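Biologist: I have a model open and want to go through it with you. Can you take my questions as they come?

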Amino acid sequence: MLVETLTALAAAGGGAVVQAAGTDAWNGLRHRVGEIFGRGDAARAGTELERLDHTARVLTPGASADVAAQRLRQEGVWAGRFETLLENLDDPGRERAAGELRELLAFVAASAGDTAVATGKAVARDGGRAVTGIKNTGGGRPGPARAVNTGDAEATGTGSSAVSGIVNE
């Protein structure tokens with residue numbers, strides 16, 4: 001398997017961990033990540049579950065003054081962990097773990113929904129529209145949506161609208 005493919009897969013895994021934190025998908029992700037890292041060893045799986053619990057704690061709203069920085073940090077931590085795991089397996093083990101990681105990504109994408117964190121300020125003027133957060137149109141995506149610390153919304157002028165958070169149209 002190409003190094004670039006493994007790196008991209010590992011990065012997506014780190015993003016999935018962070019995306020699932022605090023959502024209904026967390027318990028399923030937690031279980032699957034434990035299995036991927038444990039490789040049949042309960043003690044090793046338990047160590048990873050403790051690391052995941054730490055991640056969940058630091059990503060809890062209010063746990064840190066800079067949620068966005070913590071999300072980036074944890075995403076990098078988990079991307080590195082996934083990359084190291086994939087690099088240290090033999091070819092058949094790497095293929096199996098990569099497949100399990102792809103299944104994990106599909107699970108999170110289907111169940112975690114959209115997440116927006118620290119997106120800034122929405123400003124609309126002179127009949128314009130602005131959204132900071134998540135905007136779903138045409139039925140949106142399946143799964144829940146979560147917006148955290150999306151900033152202020154300011155609309156000035158007739159017909160203007162600004163939203164901070166989630167918009168479903």
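Biologist: What should the 21 residues of α5 span at 1.5 Å a residue, and how far apart are its end C-alpha atoms?
Modeller: They should span 30 Å, and the end C-alpha atoms are 30 Å apart, which agrees. The expected span is 1.5 Å times one less than the number of residues. Helices (H or I, at least four residues) and strands (E, at least two) are DSSP runs, numbered from the N terminus.

Biologist: Where does this model come from?
Modeller: This is a predicted model, where local features need pLDDT of at least 70, side-chain atom pairs count only at pLDDT 80 or more, and totals for chains, interfaces and linings use all residues. Residues are numbered from 1 along each chain as its sequence is written, and side-chain values use heavy atoms, with hydrogens and water left out.

Biologist: Back to α5. Which residues are buried?
Modeller: G93, R94, A97, A98, L101, L104 and V108. Buried means under 20% relative accessible area, exposed over 50% and partly exposed in between (1.4 Å probe, protein chains only).

Biologist: What covers the buried residues?
Modeller: The cover includes α1, α2 and α4.

Biologist: Ok, I36. Which helix is it in, and is it buried or exposed?
Modeller: I36 lies in α2. At 3% relative accessibility, I36 counts as buried.

Biologist: What does I36 touch?
Modeller: Leaving out residues up to four places away in sequence, I36 touches L85, E100, L101 and L104. Contact means heavy atoms within 4.5 Å.

Biologist: How many residues are in the largest nonpolar core?
Modeller: It has 27 residues, and those with the most contacts inside it are L29, V33 and F82. Such a core is a set of buried Ala, Val, Leu, Ile, Met, Phe, Trp, Tyr and Cys residues joined through side-chain atoms within 4.5 Å.

Biologist: Which helix gives the most to this core?
Modeller: α1, with seven residues.

Biologist: Last topic. Where is confidence lowest in the chain?
Modeller: In strand β1 (residues 114–117), at a mean pLDDT of 63, while α3 is highest at 95. pLDDT is the predictor's confidence in each residue, from 0 to 100. Where pLDDT is low, the predicted coordinates should not be read in detail.
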